[in-house]
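Trainee: I have a new structure to read. Please show me where to start.

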Amino acid sequence: QWFLNGVSIGGATNQQYTVQAAGPYTVQVSINGCSSISTVFNFVATGIVNPSAWNYDVNVFPNPVNDNLYISNRSNRKLNIILMDITGKIALHYYLNVTNGSVNMERLARGTYLVSITDKQKNETIHKLIIKQ
C-alpha cells in the first residue's frame, strides 16, 4: 500500500506507483502477516519532461547494467544526475557538463534504480529506470 502524507492512496497497491503530486511518500509491504513501512521519500517535481523533448541529447546506457553506467550528453548540458534505489534513498550523485561520462555501479546492490537527470540551467528533469544486475 502506498501513502502520501501518511494517508493511504486509494487503489495504490501495486509494486510501482506513478506519483500524482509532490509530497512525502511511503510504501507498506506485507508478506505472510508481517509488514514493514519504507523510509519517507520526499518527491519534488522540478519540471519533468519527456526525454524526446531534449531531442535525445542525453542518453543513459546500458540497461540492464553490470559495472559502468554511461551517460551521453551530446549538447554538453550541465547535468545533475541522481541515482536512487526503490526506497528513494540516494545511491549516487553525479555532475556532468562534458560530452560523455560514466558512473561506476559495481558496489551497488542488484535491483531497480531511478536515474533522475536535471538540466541545471533549464531546471528540467527526465527520469529513466535502470536495472542493476
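Mentor: Start with the order of elements. Helices (H or I, at least four residues) and strands (E, at least two) are DSSP runs, numbered from the N terminus. Here the elements run β-β-β-β-β-β-β-β-β-β-β-β from the N terminus on. That gives 0 helices and 12 strands. This is a predicted model: local features need pLDDT of at least 70, side-chain atom pairs count only at pLDDT 80 or more, and totals for chains, interfaces and linings use all residues. Residues are numbered from 1 along each chain as its sequence is written, and side-chain values use heavy atoms, leaving out hydrogens and water.

Trainee: What share of the residues is buried?

Mentor: Buried means under 20% relative accessible area (1.4 Å probe, protein chains only). In this protein, 32% of the 133 residues are buried.

Trainee: Which residues touch the most other members of the largest nonpolar core?

Mentor: A nonpolar core is a set of buried Ala, Val, Leu, Ile, Met, Phe, Trp, Tyr and Cys residues joined through side-chain atoms within 4.5 Å. The largest one has 19 residues, and Leu69, Met105 and Ile117 touch the most other members. Elements giving two or more residues to this core include strand 7 (68–73) and strand 11 (111–119). Apart from it lies another core, of 6 residues, including Trp2 and Phe43.

Trainee: What does Met105 touch?

Mentor: Contact means heavy atoms within 4.5 Å. Leaving aside residues up to four places away in sequence, Met105 touches Val65, Asn66, Asp67, Leu69, Leu83, Leu92, Tyr113 and Lys132.

Trainee: How far does the C-alpha trace span?

Mentor: Along its principal axes, about 50 × 30 × 20 Å.

Terms used. Buried < 20%, exposed > 50% of the residue type's maximum accessible area, 1.4 Å probe, protein only.
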